[in-house]
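Dear colleague,

Please find the structure below, handed over for your attention.

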Amino acid sequence: MNRQTGELSVPELCLVVLVGVSGAGKSTFARKHFLPSEVVSSDFCRGLVADDTNDQQATGDAFDVLHYIAGKRLARGRLTVIDATNVEPEGRASLIRLAREHDCLAVAIVLNVPPQVAGERNDARPDRNFGLRVVKQQHSQLRRGLRGIKREGFSRVHFVDLDRVDEVTITRNKLWNDKRDDAGPFDLIGDVHGCCDELRSLLSALGYELSGTREAPVVVPPQGRRAIFLGDLVDRGPDSPGVLRLVMAMVASGAAICIPGNHEVKLLKKLRGKNVRLSHGLAETMQQMEAEPAGFGEQVADFISSLVSHYVFDGGKLVVAHAGLREEYQGRASSRVRSFALYGETTGETDDFGLPVRYDWAAEYRGRAMVVYGHTPVPEANWVNRTICIDTGCVFGGKLTALRYPERDLVAVDAVKTHYEPTKPLQGSAPEERPAYVLDIDDVTGKRIIDTRVRHTVTIREGNAIAALEVMSRFTIDPRWLIYLPPTMSPAQTAPSDDPLLERPFEALDYFARNGVERVVCQTKHMGSRAVVVVARTSEAAQARFGVGDGKQGVVYTRTGRAFFADDARERELIARVAAAFERAGLWDELNTDWVCLDAELMPWSLKAVELLRTQYAAVGTSAGAALREVVASLRGATERGTGELLARFEARQAMVAGYSAAWRRYCWSAEDIGDVRLAPFHLLASEGATYFDRSHVWHMQTLGRLAEHDPILMATAYRVVELGSAGERAEVTAWWEQLTADGGEGMVVKPEHWIVRGKRGLIQPALKCRGAEYLRVIYGPEYSAAENVERLRARGLSTKRSLARREFALGLEGLYRFTEREPLWRVHECVFGVLALESEAVDPRL
Amino acid sequence: MLLTITTTHQPATDLGYLLGKNPERTQSFELPFGEGHVYYPEATTERCTAALLLDVDPIGLVRRAQGADGFALSQYTNDRPYVSSSFLSVAIGRVFGQALSGRSRDRAELCETAIPLEARLAVLPIRGGEAFVRALFEPLGYELEIERHQLDADFPQWGDSPYCTITLRATLRLQDLLRHLTVLVPVLDDNKHYWVGSDEVDKLLARGEGWLAAHPQREAIAQRYLRHQRSLTREALARLTDDDEPEPIAKEDEHHRQEEALERKLTLNDQRLQAVLSALRRHGVRRVVDVGCGEGRLLRELVRDRTFERIVGMDVSPTSLERASARLRIDELSERRRARIELIQGSLTYRDKRLAGFDAACAVEVIEHIDATRLAAFEHVLFEAAGPACVIVTTPNVEYNVRFETLPAGKLRHRDHRFEWTRAEFEDWANGVAQRHGYEVVFEPIGPVDPEVGAPTQMGVFTR
């Protein structure tokens with residue numbers, strides 16, 4: 001406490017332990033200086049477990065609850081105040097342990113109040129019936145313990161005397177590692193290890209101007225930029241003192257920020273006279289230091305001891321630490337956080353070269369912040385789940401690398417030579433040993449809440465995830481290919497009963513008009529199977545972007561993520577044709593990409609569904625045909641015995657069954673040759689660095705329509721643009737639909753002109769389908785159109801389907817946004833998995 | 001959909017008395033699933049035919065089925081309205097109940113008399129083929145005429161449908177004909193429309209009185225008649241499969257049976273389990289996880305041996321886990337024994353911290369079910385992330401397949417196998433894994449070793 005002002009400082013995130021006898025005024029103090037939600041009091045917890053805030057029998061349970069609440073708060077990064085007497089060292093020790101478990105600092109505030117005063121206060125309160133004796137006992141316990149309190153592990157201990165208590169003000173200090181309000185831009189530089197020449201070249205390449213002398217270097221950064229050194233400036237290389245001089249000058253002038261590496265820590269120990277083995281290049285450094293003037297060692301020691309082991313920048317978006325930092329440790333302060341930041345985490349084993357085996361924290365990293373680090377030399381700087389190691393082994397003859405933030409560009413200069421022979425060859429840590437492709441079960445299971453940018457959050461229930469896990473593990477294609485699953489689509493509102501139809505254009509058009517859409521795109525609904533096509537310009541491009549290692553140039557998969565073709569050769573042929581059509585249409589260059597993801601319909605229906613057609617559609621037609629033939633013949637034989645009315649009815653049923661068989665047969669043909677297949681792409685979803693949800697559906701239709709000119713197996717999808725305000729255009733499109741469906745077409749899909757439309761209650765349906773009367777026999781059964789049947793079928797609820805359609809749409813887009821922004825695999829997979837999980841929701845399959 | 005019964009017993013119109021339905025009138029009856037109509041296409045003294053026409057309400061079927069899970073009726077596009085099925089049995093019971101119980105107000109004596117009868121069913125689905133139809137009806141003295149229907153005239157390559165129009169002729173009591181039909185029609189259809197409860201057993205025994213006990217197919221009849229429901233979990237999974245595809249998971253059992261049948265002669269599965277167990281014991285394993293535990297065969301062996309202190313079975317399929325739980329009677333175990341074993345849902349291509357802390361992991365006949373491109377993820381999950389001291393992997397030796405007489409050349413043993421490896425391929429992979437993750441691996445054949453093609457199964461035991 002500041003003697004003059006009464007100001008008392010605590011870290012922004014810490015555990016504040018109030019210490020004082022009953023009646024010392026702890027609760028009053030806490031109320032005055034902290035939020036009610038920040039204070040956890042032992043009396044309150046006694047009340048929680050025993051309905052009596054003074055029940056001493058309940059103390060054990062009450063403290064369990066207190067620790068639990070405080071632990072949860074600290075884990076979430078909330079300052080927490082413990083309002084309990086805490087007069088015994090044992091009790092304080094358990095709170096310090098709790099703070100350390102959550103990598104937080106603990107601060108004690110001791111309220112010094114004479115026992116008589118406290119006793120009087122207690123007497124004045126009707127709920128406190130213990131006498132002065134108890135308070136005196138607490139007081140003597142407190143006094144005995146106070147002598148050692150500063151050594152108990154608190155980062156600060158403040159004493160507040162009774163006469164000063166009213167003057168106290170509390171200020172909350174930022175942690176040293178908290179630079180959240182500094183957003184850069186930065187140039188982050190990996191392990192230099194005494195490679196002074198390379199560092200100077202790199203700084204020049206980054207636009208820094210170097211001048212001055214070796215002893216007093218001057219470095220002027222490009223406008224507004226600063227360098228961040230990730231530690232390990234020294235050892236092994238030819239000129240560690242030169243590097244130190246440069247960096248120290250830059251830090252002093254504000255041109256750089258520096259964090260320490262394990263080599264600096266060891267050098268500091270040596271400089272401070274501790275007994276340290278001169279290994280791993282420290283001997284070279286010490287030798288080089290001898291050439292420096294007296295006092296330089298002292299300057300270096302002061303510099304190193306001033307360094308903070310990690311920083312959090314830019315609102316929490318960037319974290320730097322020499323050896324990286326797990327999410328739970330970011331912005332925290334404890335010796336294990338410091339140790340992780342300096343040394344990383346090792347498994348305790350050593351590899352064939354005698355080097356410690358490192359625990360691959362980056363592969364498991366699921367944090368939001370970008371973590372930039374060095375420490376372990378790698379041949380190339382690669383992103384692994386939003387983390388990047390930019391120690392590219394300059395001193396071992398690799399290169400010195402910088403990462404520009406926020407641009408994420410890498411800038412590197414090659415080593416002049418191999419300054420130091422590595423124990424393990426640099427090429428050893430190839431990318432396949434850093435499996436960013438490994439997904440974690442926690443990425444997908446349990447109840448999940450996924451943030452999407454078009455619709456806030458989407459919640460996935462645990463039960464749905466269970467079903468999806470089996471499908472995703474056993475039946476889908478490799479998750480690295482699976483960047484998108486299409487959403488389900490709702491039909492238009494059911495037509496009212498004055499119309500013999502179940503679905504018609506009027507309701508679909510009306511839906512969008514009511515939601516403020518001015519123009520819609522109506523497209524033919526092809527009757528085949530939904531297919532997502534991911535295709536690259538070459539198989540090398542596919543490997544580079546998707547990294548699956550199966551030699552494929554692309555994949556075709558179903559709406560549930562399975563391979564569309566059982567036969568790889570079939571897939572290969574189709575992919576090659578699509579890629580070639582893109583080539584001929586000039587679309588690769590026009591879109592400036594070497595891969596695309598398309599949403600399409602693949603025909604004939606029988607290509608994929610032949611089992612279903614045989615076991616269900618053909619089977620129903622056959623059984624119905626054969627049975628009704630027999631029935632009608634036998635009814636005809638009995639007309640004089642009163643079967644006339646039945647006969648008429650069953651003849652009508654016979655006609656409906658004939659219509660049904662004609663309906664499904666239209667969508668089937670034999671496709672032994674790839675030339676018999678038809679692919680009708682209708683959405684150009686994504687390509688390198690781009691999604692196309694900001695383009696109108698007309699653009700999608702026109703762009704993809706061009707493919708049809710270059711290959712007959714690619715089909716353009718017929719469409720109409722309809723001005724919803726024009727009755728004439730509405731009538732025209734209705735007539736168009738009638739014609740389509742009369743010719744045996746499935747129907748049409750109506751979409752708003754633009755992809756993402758929000759109405760009064762959030763996102764509206766991205767599309768509605770409007771199916772033809774004959775096609776619906778395939779869905780609702782041969783005899784659905786009989787008046788008594790169609791009336792009952794009108795009672796169908798669309799709300800679940802529509803809610804799913806909106807959620808799956810949001811997830812599908814989110815996955816592609818993330819993929820094109822090169823987010824880690826698990827972030828993309830989370831969305832795709834979510835769509836699959838939602839698809840396991842029980843919903844009327846006929847909608 | 002249609003059952004006609006014809007007699008040439010004189011006077012043939014007595015059939016009307018036996019059925020309790022006047023040949024001169026067409027009558028309709030309310031049934032739970034629609035209506036039944038009775039009329040006579042022919043009614044002379046020489047020959048009389050009664051028709052029972054089921055007028056099934058196709059929309060009502062689906063509407064009523066909603067909520068009753070796992071049911072063929074949840075599809076509108078459904079053969080149920082057109083075939084002879086358990087609906088027909090219900091209709092016979094309701095409409096011809098008196099005849100079924102062998103009573104007649106006006107022709108009591110005729111009820112007890114064997115008369116020439118012909119029954120015709122349009123159409124009858126026959127699951128089990130023509131031979132099964134004959135095996136059901138011929139032992140009862142019927143002469144059969146079976147007319148198969150082609151699946152679709154436009155697609156002759158699809159072959160025959162499972163439907164036929166069938167005519168049965170015999171001289172017997174009308175009651176017996178009706179009893180036979182009420183039992184055997186649903187048996188042939190093998191797809192009951194209602195929940196099968198314990199009262200079905202009583203019904204089967206009553207209708208089978210006097211003929212079922214001696215029927216050579218009685219076991220098959222009972223099994224199919226008392227058809228079991230699929231579990232609710234499976235229903236959730238069924239929703240996940242493509243609209244365009246029949247459910248692959250439902251067929252799983254069948255594929256497993258096929259693989260087992262293939263390997264049965266060798267009692268290969270037992271040998272495999274014994275080989276795994278002895279490897280585990282040899283390495284002093286106390287805590288073991290069986291990844292891809294399936295229905296828990298290995299787990300059952302592990303539980304029997306007290307040296308295994310902690311046993312966890314992991315599988316990705318909730319259905320398999322349900323069965324494993326039933327097989328191990330997990331719900332009945334005492335608390336102490338319950339604490340030894342745990343079943344968890346997990347996937348071998350997702351890293352899982354629950355796999356940490358075991359002495360050994362077993363992957364028995366698992367890797368061949370994983371796509372080759374995802375083996376790298378499997379390798380990471382098991383050998384890197386979990387990394388127990390001992391890992392046991394078994395997989396088929398594809399070289400041995402030529403020794404399975406019933407397996408066509410080039411075919412794999414199980415439809416879900418993504419690959420089957422030769423010994424060299426397996427050893428190659430395993431040596432690579434061992435080297436990458438610091439394990440030693442030794443190989444062991446499982447089953448009889450053929451000098452040319454080796455053993456049917458190969459095992460790699462990884463230790464470190």
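In chain B, seven strands form an open sheet with antiparallel pairing, in the order β2-β3-β4-β1-β5-β7-β6. Because β2 (27-31) and β6 (143-150) of chain B each have a single partner strand, they stand at the edges, and one side of each is left without a neighbour in the sheet. On average, neighbouring strands of this sheet are turned by 15° against each other, direction ignored. Please note that the model is predicted.

Within the sheet, strand β3 (residues 34-43) of chain B runs antiparallel to strand β4 (residues 48-56) of chain B, and eight bridges join the two. Opposite Gly34(B) stands Val56(B) in β4(B). Helix α7 (residues 174-189) of chain B lies across β5 (115-125) and β7 (160-172) of chain B, at about 20° to β5(B).

I turn now to the contact between the chains. Chain A contributes 62 residues and chain B 56 residues. On the side of chain A that touches chain B, the elements that give two or more residues are β23 (439-440), α14 (462-474), α19 (605-636), α20 (644-665), α23 (776-780) and α24 (787-793) of chain A. The largest share of that side, 20 residues, comes from α19(A). By type, the residues of that side of chain A are 30 nonpolar, 17 polar and 15 charged.

Strand pairing also links the two chains: β23(A) pairs with strand β11 (residues 350-351) of chain B in the parallel sense, over two bridges. Here, Asp440(A) has Arg351(B) in β11(B) as its bridge partner.

With kind regards

Technical notes: Residues are numbered from 1 along each chain as its sequence is written. Chains are lettered from A and ligands numbered from 1 in the order in which they are written. This is a predicted model: local features need pLDDT of at least 70, side-chain atom pairs count only at pLDDT 80 or more; totals for chains, interfaces and linings use all residues. Two residues are in contact if their C-beta atoms, placed from the backbone, lie within 7 Å. Helices (H or I, at least four residues) and strands (E, at least two) are DSSP runs, numbered from the N terminus. Ala, Val, Leu, Ile, Met, Phe, Trp, Tyr, Cys and Pro count as nonpolar, Asp, Glu, Lys and Arg as charged, and the others, Gly among them, as polar. Two strands pair if DSSP finds at least two bridges between them. Axes are lines fitted to C-alpha atoms, for helices over the stretch in contact, and angles run from 0 to 180 degrees between N-to-C directions.
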